[in-house]
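Please have the sequence and the coordinates at hand while reading.

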Amino acid sequence: MPLVSMRQLLDEAAKKGYGVGAFNVNNMEQIQSIMEAARETKSPVIVQASRGARAYSQDRFLYHLMLAAAELYPEIPMALHQDHGNSFETCKSAIETGFTSVMMDGSLMADGKTPSSFEYNVEVTRRVVELAHEKGVTVEGEIGVLGGIEDGHGAGVDALAHVTDPDQAVEFVERTGVDALAIAIGTSHGAYKFTKKPTGETLKMDTLIAIHKRLPHTHLVMHGSSSVPKDLQDIINQFGGKLKPTWGVPVEEIQLGIRNGVRKINVDTDNRLAITGAIRKVFAEKPEEFDPRSYMKPARDAMKKVVAQRMTEFGQAGHAGDYQAIPLAEMAKFYRESLVHA
Ligand SMILES: [Zn+2]
């Protein structure tokens, strides 16, 4: 199947009430892990790349790996998404490269660090929507500011400093026309999300539910939603790692989100932990090994296992064969017509 728009994946997920994991990639093994997990669980999937990942893979390597994935896994609907685009130019270059979806994160200025004004966010996101929809490409926006810093991106603020205001969320969606909306509800990027299991005080699921009530037709996105399971932390520490104790977003909270309009769930840290744990284990147990495949294969298997588990937990498993790809040109027509009727 050709790469499809993320809007189509999320519309289908909304029809049937499930969520779709969006997994970050930098290299071939991570893409292979995701595609094998998708095949095993028969899941549609979102593969996403940050600006850092695009730089790491020189963009073209990543794009062509995705074309290989589309060729080798024709039964899997998949979208290629720009994670945290920092500017109009970044989103434009992603669209020109062949991404079928972009996130314009105007909650921060183009430096990817400084929280922006609401008006700036509306203006830059609206411009990206105009450009993207003309080509049938999906746009995710963000309102509120997430905690933490990842890949050099993030304000590094306390995760509860800029929780999304539901009224602003409604105005933002109306004025920008985004397809999906990332909200800040106390989650952070990176491994250190919570210092203990989150409660309603630290993970604001009530805010998420309030936003969904006001915007029942907008696909909501949960960022920083790795669960950071203890067993993955333990493997790393058991074989020489030095992770401090930390808590992520429990899967049951994500499932509550999915029952309340969450259609895209971003997971990166869990996969990083799985890969690193598997590699550390080989290095510790078989110090004589030096063929990269001897540790990359177990790493790939470990990531595949985590991804397959999330696909099952999010409910996307079993839905790969539900629909055919809508070409981006058709999506562009759909956007043009909805403007005429608006
Ligand atoms: Zn994010």
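Q: What is the handedness of the crossing of α11 and α12?
A: In this predicted model, helix α11 (residues 269–285) and helix α12 (residues 292–314) pack with their axes 8 Å apart and at an angle of about 145 degrees. The crossing that α11 and α12 make is right-handed.

Q: How many nonpolar residues does the contact of α11 with α12 have?
A: On the α11 side the contact is made by residues including A274, I275, A278, I279, V282 and F283, and on the α12 side by residues including M296, A299, A302, M303, V306 and V307. By class, two residues of this contact are polar and two are charged, while the number of nonpolar residues is 14.

Q: Which word describes how α7 and α8 lie to each other: parallel, antiparallel, perpendicular or oblique?
A: The axes of helix α7 (residues 166–176) and helix α8 (residues 205–214) come within 9 Å and cross at roughly 40 degrees. Angles under 35 degrees count as roughly parallel, and those from 65 to 115 as roughly perpendicular. The orientation of α7 and α8 is therefore oblique.

Q: How many charged residues does the contact of α7 with α8 have?
A: In this contact P166, D167, A169 and V170 of α7 meet A210, I211 and R214 of α8. By class, five of the residues are nonpolar and none is polar, and the number of charged residues is two.

Q: Which residue with a positive phi follows α6?
A: Helix α6 (residues 118–134) has 17 residues, and among its buried residues are F118, V122, L131 and H133. The residue that follows α6, with a positive phi near 80 degrees, is G136.

Methods:
Residues are numbered from 1 along each chain as its sequence is written. This is a predicted model: local features need pLDDT of at least 70, side-chain atom pairs count only at pLDDT 80 or more; totals for chains, interfaces and linings use all residues. Side-chain values use heavy atoms; hydrogens and water are left out. Axes are lines fitted to C-alpha atoms, for helices over the stretch in contact, and angles run from 0 to 180 degrees between N-to-C directions. Helices (H or I, at least four residues) and strands (E, at least two) are DSSP runs, numbered from the N terminus. Angles under 35 degrees count as roughly parallel, over 145 as roughly antiparallel, 65 to 115 as roughly perpendicular and the rest as oblique. Contact means heavy atoms within 4.5 Å. Ala, Val, Leu, Ile, Met, Phe, Trp, Tyr, Cys and Pro count as nonpolar, Asp, Glu, Lys and Arg as charged, and the others, Gly among them, as polar. The expected span of a helix is 1.5 Å times one less than its number of residues. Buried means under 20% relative accessible area, exposed over 50%, partly exposed in between (1.4 Å probe, protein chains only). A crossing is left-handed if the near helix is turned anticlockwise from the far one by less than a right angle, and right-handed if clockwise.
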